[in-house]
Amino acid sequence: MLSKIIAASIHNKLFVVLLVLALIGWGGYSLVHLPLDAIPDVTNNQVQVLTQSSSLAAQEVEQLLTVPLELQLRTIPGVTEIRSISRFGLSVITVVFDDDVPTLQTRQLVAEKLTTAQVDLGGTLPQMAPITTGLGEIFQYTIAVKKGHENQYSLAKLRDVQDWLVKRQLAGVPGVVDVSSFGGMVRQYEVSVNPDRLNAAGVTMPELFAALQNNNANTGGSYLERGPNAYFIRGEGRVNSLQDIGTIVIKQASQNAPLLVRDVADVRFGHSARYGAMTRNGRGETVGGIVLMLKGASSEQTIKGVKARVAEIQQSLPPGLEILPFLDRTKLIDKAIHTVSTNLLEGGVIVVLVLLLLLGNLRAGLVVASMIPLCMLFALGMMRTFGVSANLMSLGALDFGLIVDGAVIIVEAMIFHIVHFRAQTEHETMDQVAETAATRMMRSALFGQFIILIVYFPILALSGIEGKMFRPMALTVSFAIIGAMLLCLTYVPAVSAWALRKDIKEEGTVADRLMKLLYRGYRPLIAGALRLRGAVVAGAVGLLVLTGWLFSRMGGEFIPQLDEGDFAVNVTLAPGSSLSQSIATTTQVQQILLKNFPEIEQVVGKIGTSEIPTDPMAMEDSDQIVILKDQSEWTSADSRVELADKMSAALADVPGVNLEFQQPIQMRFNELISGAKSDISIKIYGDDLALLFEKATQAAALIRPLAGVGDLKVEQIAALPQLRVTYDRQKLAQYGLNVQDLNTLLRASFAGDVAGQVYEGERRYDLVVRLDSLSRLGLGDLRNLYVDTPGGQKVPLEEVATVAYRSAPAQISRDDARRRINIGVNVRGRDVQSLVQEIQGRLDQGLKLPPGYTVKYGGAFENLQQAKARLSVVVPISLLLIFLLLYLSFNSLKQAALIFTGIPLATIGGILALWLRDMPFSISAGVGFIALFGVAVLNGIVLVASLNELALAGVRNVRERVMRATAERFRPVLLTAAVASLGFLPMALSNSAGAEVQKPLATVVIGG
């Protein structure tokens, strides 16, 4: 079968050329239209359920919203995990599904359960978060006021521009699922009640509220026919202005004079209660937005659309305003793609130079080198067909040396045949030479490439986060190798028959002299090894044991951290800190950073919660997005870790602040995957929140002194100051009052109740009733709030309730229906695995937990453990497949085992290379070992096949066979090993953005 394909290709060169042209067209089209991104999206398959109720404390949110929803959501098939956060006024539940459940099906299943659960939620409506992921925050911006216009725009006006102008136009861009507004003040029509005027007029809050509700509506009255025309009836009763609201009649006062809203309250523009803010460059508050990308959409195309729409919006903005982006994914994508393309280009050039140098023939070198772009185009076409985006991981393991190995074997065999069997060649055409050599060596070439394909199967078997990270890499390499196999069968024999000449001279060429020089150094080694076989085997086993010991002492991490080029600094104040205090502190933090670090372009702080609360931070929490200049312009530090340490030291004088230094995408991934923003998540599970906080604080004290602990943060779940109103049941009975009426009064007076909407064209604003700001200042105002009794009396609230300061939970976090507290650790200057092992040992000895309380370690460490567990199953299966294929190919257990020994012996060099470069084991390094297995087996196949050929030719002496086989196959073995390892050299030495992920892989292959 193979020989027929080879013969047909050689005798139908025009058809092969047409197929190659079609491949170039297909691959070129795919190259232009292939989606680009920085890294694969590793967010698990999840749906977030958001429930807001501005009047409920954390305990009530957990009891009345979170728990009923969790009970319903836990019964959905395919759910693997449920996490929740309950805090004042907000419940966020994350439902994680198996990866094979389609996105729209997950949302349909959740929507059905939300409908069922509404009965238990007391009228509160839960909503699902937009269909986005950890890579979804592709474009973040602020609306800046230009110089000279500062006094024209209040925070409310800026928020109006964001909500009704910018957001609405950005939402129409293909690939954008939503835009989350951040900062400013959401404008409301506010009826600001003066309690003294209200009481003097004899009006109750429910009467005022009812009057507003009953006097703000339009209606229709069908139509009347008049002659040939129909006149539709429309009743207009909606309020359109502050004056309209002020003239609403509450009731008839004495002497039948109407009592109007403006008689008991001031009607004005106000704003809703704020739970978040945005600051910029130490200049105070601003307004901005976060563009969220639809899950599965192309980052590159979506950002292009967003930028084009922003340019259009800029033209229509009010005078003195401009949109300033601060986080633009294009920056990271461009850096990552530049790193990959540079490494691939440099690797390709090195491979071509090695081929030209060692093959010693320009035509032969160009034939083999032409495989590189053709295989690349085939891989790009397959990537587009199967929906694999071009990113740091999918293109990061492409080694052109592996791709050309089959072509090297075939072309080198042709050169060997022409040079060493010149008399026979004189009577053959080049087509016959090509057919003979290709047919003889094709089995070894294809079988070796098939083995390389097999060794990537374990990566395809990975699931979860590690699968999403590394499966695109395995697919791309597999596509390229499949392309190489097809081209070896068709293109290489055909073009070799056309391009190579019979007058090839090997003697005296640079390649010949180099090969002879290298072989002169190799021959004594192989001769000595054959004489001292026992010593060689013992030495190899000893090295294997030594490197095995080194490997056991080597630390571990999931993958090296990708340098995104920017910082995300989490700033946390004491629990219960006000929004104004957070704004003041973050402004101070920004001013210090900008003053001391010229590396910073801008700093934007996101405090608390945005409009779409997928990241439910408290008002005392903020993320400072520190946008840095290119590292070549840095003057304060030489590395990201050093700069973070210096920034932390500069901020040490800011009182009452806890800092965590991370990166924007890394932080978002950590949070969505494990529910915590840190590299290592240590979770303590139990029921008592006070005890959880006490034990977490003890654990943090034990962890803090350990080497490698960069930032340490205990989740703030306690000590939130509350003004607690506790009703006296006997007094309620005495005055004939009920709890519902008192709750309504309390909520409306201080939080405000929505009595309707006011429309300004397409814009819609809430009409809210609340006490005026002077009556909402402190404990006395709450105690003296007048309550209307059924008997017409007015009594202060403290008459029927106890009003006092209390501490309460700030946040209640749950995993799979169990309360927990999180201790977040960011790692600096150490691998994750060894640090977690030391933390485990320290906590096992020093932290005593009551019965029913447990500790779990998550984050990057959990991902590493899961990946190692899966690899420990699939790698042996893959190795067993390789051994079976070797046995079937050579029909000899001894020869299969002989070739197979190349795998453990090759790991010696890989482990030593990691150790010498002070790199811990990571899944990237693991992928490097897998790639190394294929190269090790490939060289063994070529050598053993040559030994068998010599045996068939009548060479009986084993020593003579070995010497002749190593001499004949010296160049192809050296070539395949050289191009496979040197093709990775640029990746191993690169220091550009994204190279951190590729370095361990390249280091292992080169060392092995």
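1. Basis. The model is predicted, so local features need pLDDT of at least 70 and side-chain atom pairs count only at pLDDT 80 or more, while totals for chains, interfaces and linings use all residues. Residues are numbered from 1 along each chain as its sequence is written, and side-chain values use heavy atoms, with hydrogens and water left out.

2. Main core. A nonpolar core is a set of buried Ala, Val, Leu, Ile, Met, Phe, Trp, Tyr and Cys residues joined through side-chain atoms within 4.5 Å. Buried means under 20% relative accessible area, exposed over 50%, and partly exposed in between (1.4 Å probe, protein chains only). The largest such core has 170 residues, and Met 371 and Phe 470 have the most contacts inside it. Helix α34 (residues 923-952) gives the largest share of this core, 18 residues. Helices (H or I, at least four residues) and strands (E, at least two) are DSSP runs, numbered from the N terminus.

3. Phe 470. Leaving out residues up to four places away in sequence, Phe 470 touches Met 393, Ile 459, Leu 462, Ile 559, Ile 923, Ser 924 and Val 927. Contact means heavy atoms within 4.5 Å.

4. Asn 281. This residue is not a glycine, yet its phi is positive, near 50°. Asn 281 sits in the loop between β13 (276-280) and β14 (285-293). It is buried, with a relative accessible area of 14%.

5. Asp 816. Here too phi is positive, about 50°, in a residue that is not a glycine. The loop holding Asp 816 runs between β29 (811-815) and β30 (818-827). Asp 816 is partly exposed, at 36% relative accessible area.
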